[in-house]
Amino acid sequence: MTAMTPSGDFKTTYRADTTIFPTVTSRNFAIVGIVLLLLCPTFMDRYWLSILIQIGYLSIAALGLNILVGFTGQISIGHAAFFGFGAFASAWFSNSFGVPVFFAVPLAGLLTTAVGMIFGLPAARLKGLYLAIATLAAQFIIEDFLARAEWFTGGVAGTMAEPFSIFGFVFNTDTRYFYVVLAYMVVMYVLATNLMRSRDGRALVAVRDHYLSAEMMGINLTKYRTMSFGISSFYAGIGGALYAHYLQFVSVESVTILFSIQFLGMIIIGGLGSIMGSLMGTVFMVMLPEMMTTITQALSGSSIDLALGLQDNIAFLREMAIGLVIILFLIFEPDGLAHRWKQIKAYWKLYPFSH
Amino acid sequence: MNTSLLLQLLINGVIVGALYGVVAMSFVLIYKASQVVNFAQGEFLLIGAWVCWWLLTTWQIPFIWGFLLTLAFMLIFGVALQVIVLRPMIGEPIISVIMVTIGLATFFQALMKWMFGVFAQPFPPIFERSTINLLGLQVQTVYIMSLLISIVIMVGFGWFFKFSRMGLAMRATAFNQQVAQSLGISVRQVFAMSWAISAMVSAVAGIVVGVVNGVSSALSFFGIKVFPAVILGGLDSIVGAVLGGLIVGLLENFAHYIDSQYLHWGNMYQVAPFYVLIIILMIKPYGLFGTKDIERV
């Protein structure tokens, strides 16, 4: 096991400290992970594939929110609105202008960025709870706009979205679409990791940690806060567009405040300010309703089920689970799964001499 | 120009606005005393109204006892919530505290839907429904009663903060926690009591709305409408909360009037306060009566 970092291995150059992967092993693990994911469609059934696809587009949006909340410290309760906006924008580009879906997705990301910046500009002056309230208002305003703008979203009825295609090859099955989402996911995660290694990324973290000191060190607060909003909206827009072309139907019903809360739940569970944490949190949040379904199915017919009506109220049980998980994580593990993962790694790295 | 409709809507605005004011007041109470932004304020209304409804319909007890039992329940509930969930969060960053209350809101809203269903349930008739003539308009007595209760609560709050020992302790804690502590005030008790009182007052508002409109999960929307009200009035001002509530109530009804008469956009009633909220945040984030934060390095 020479590749594993021995204890006491210190970086000697700045460049070595800021590589994407801290060790060779971690890079190999990432590559093996992606290869394994590439092979997934060969042995997974449709149910699991659809869950993986869900995790894919949601984790892109969650990463965007984590850049905003976790890295820049700007809380947003309106992320689902931007996600929904991206979904509608992509469908709109391909339906109304005949833009091929391949280009419509990044275009939707850019349009969502523009909208995010519009809301981000006033938000750059606010922080903490004022910003939370402002983004809450943004959620309702965008939700209302999407329900109203029939030329853009088809109004309350929703709109159809074409399947993803490139040069006539249509990604219309789960197996094919899985690769599209995976490709986007890898690109977006690598981009985010790279961003955090750059001056801009460090500036965002500085704004979060102490914005007055950051400003004194020559960081333009307004610029970076607005930029963070823009980046986060871009990720949300891409995630939303991928969602639209997966389901091939978008409706305003999906852009609720509960969905925004779910995004916040993902990054809190995964770990604020952790890139891989966004993915872990999304996996947790997507699996949570599935687990609830499994549990209630296991209990179905039993006296507990009959007394409480678990099966009929599964939707509410899921909502309750989301709220409860957020509370429990904040009280007992505020640094999220990413922190727990680090501790597990540290334990095995130095095993059996963990102290 | 439809004057009678406008007048009717304005009276509605005052009545609903007074209720917003009451809820905003209990929101500000928590914020002032324990520096927690409570996104679960609307759920207090919901829980209070459902508990009272349940006591009245399932157990068939007289309204006054059901009402008092609900208040007792909300007292215990508020204290329990503060002790179990919010106390471990003291000293955590503001994002975490906000998220915990959002988690609470999600949890209790779903719990209430699970326990009582999604459909609006009418309260058993408590008062005779009749209408009186006010300025040539027919106004239902329940609305007048709701307005009276709101005013009583507001006066009660005023008395509480000016003359009662606990109220003074709360103001002292809000002013400066350390000084309050050194004067022998139990800050933990103040925190717990602020949540209890806030829960109780919100429950009263919830019951009032429930009696007028029936109980349903729509009640929790009051908790969101509170934000325009408190931002307008200033987050830490009780007077501001009352005024903000009234303004938001009037504003949404006025927006509804403009919309139904001229614009025909629909749904302005719900969204107009949020546009105003954004504008206020841009030009005067500390509201009409709030204290401006001064940051020293």
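# Close-up views of a two-chain predicted model

**View 1. Overall make-up of chain B.** The secondary structure of chain B comes to 11 helices and two strands, where helices (H or I, at least four residues) and strands (E, at least two) are DSSP runs numbered from the N terminus. This is a predicted model, in which local features need pLDDT of at least 70 and side-chain atom pairs count only at pLDDT 80 or more, while totals for chains, interfaces and linings use all residues. Residues are numbered from 1 along each chain as its sequence is written, and chains are lettered from A and ligands numbered from 1 in the order in which they are written. Along the sequence, the elements of chain B follow the pattern α-α-α-α-β-β-α-α-α-α-α-α-α. The C-alpha atoms of chain B fill a box of roughly 60 × 50 × 35 Å along the principal axes. Of the 297 residues in chain B, 49% are buried, a residue being buried if 20 or more other C-beta atoms lie within 10 Å of its own, exposed if 12 or fewer, and partly exposed in between, with C-beta atoms placed from the backbone.

**View 2. Helix α4 of chain B.** Helix α4(B), residues 94-116, has 23 residues and reaches 33 Å from its first C-alpha to its last, close to the 33 Å expected at 1.5 Å a residue, the expected span being 1.5 Å times one less than the number of residues. Because 18 of its 23 residues are buried, α4(B) is largely enclosed by the rest of the structure. After α4(B) comes G117(B), whose phi is positive, near 85°.

**View 3. The pairing of α1 and α8 in chain B.** Helix α1(B), residues 3-34, and helix α8(B), residues 187-213, pack at an angle of about 170° with their axes 9 Å apart; axes are lines fitted to C-alpha atoms, for helices over the stretch in contact, and angles run from 0 to 180 degrees between N-to-C directions. The two helices are therefore roughly antiparallel to each other, a term for angles over 145 degrees. Among the residues of α1(B) that meet α8(B) are L19(B), V22(B) and I30(B), and those on the α8(B) side include F191(B), W195(B) and V201(B), two residues being in contact if their C-beta atoms, placed from the backbone, lie within 7 Å. The residues of this contact divide into 14 nonpolar, five polar and no charged, where Ala, Val, Leu, Ile, Met, Phe, Trp, Tyr, Cys and Pro count as nonpolar, Asp, Glu, Lys and Arg as charged, and the others, Gly among them, as polar.

**View 4. Where chain A meets chain B.** The contact takes 34 residues from chain A and 34 residues from chain B. On the side of chain A, the elements that give two or more residues are α6 (128-148), α12 (257-270) and α15 (314-332), and the largest share, 12 residues, comes from α6(A). The residues on this side of chain A divide into 28 nonpolar, three polar and three charged.

**View 5. Two glutamines with positive phi.** Q248(A), although not a glycine, has a positive phi of about 60°, and its place is in the loop between α11 (221-247) and β4 (249-250) of chain A. With 14 other C-beta atoms within 10 Å, Q248(A) is partly exposed. In chain B, Q60(B) is likewise not a glycine and has a positive phi of about 55°; Q60(B) lies in the loop between α2 (41-58) and α3 (63-86), and counts as exposed, with 9 C-beta neighbours inside 10 Å.

Technical notes
Angles under 35 degrees count as roughly parallel, over 145 as roughly antiparallel, 65 to 115 as roughly perpendicular and the rest as oblique.
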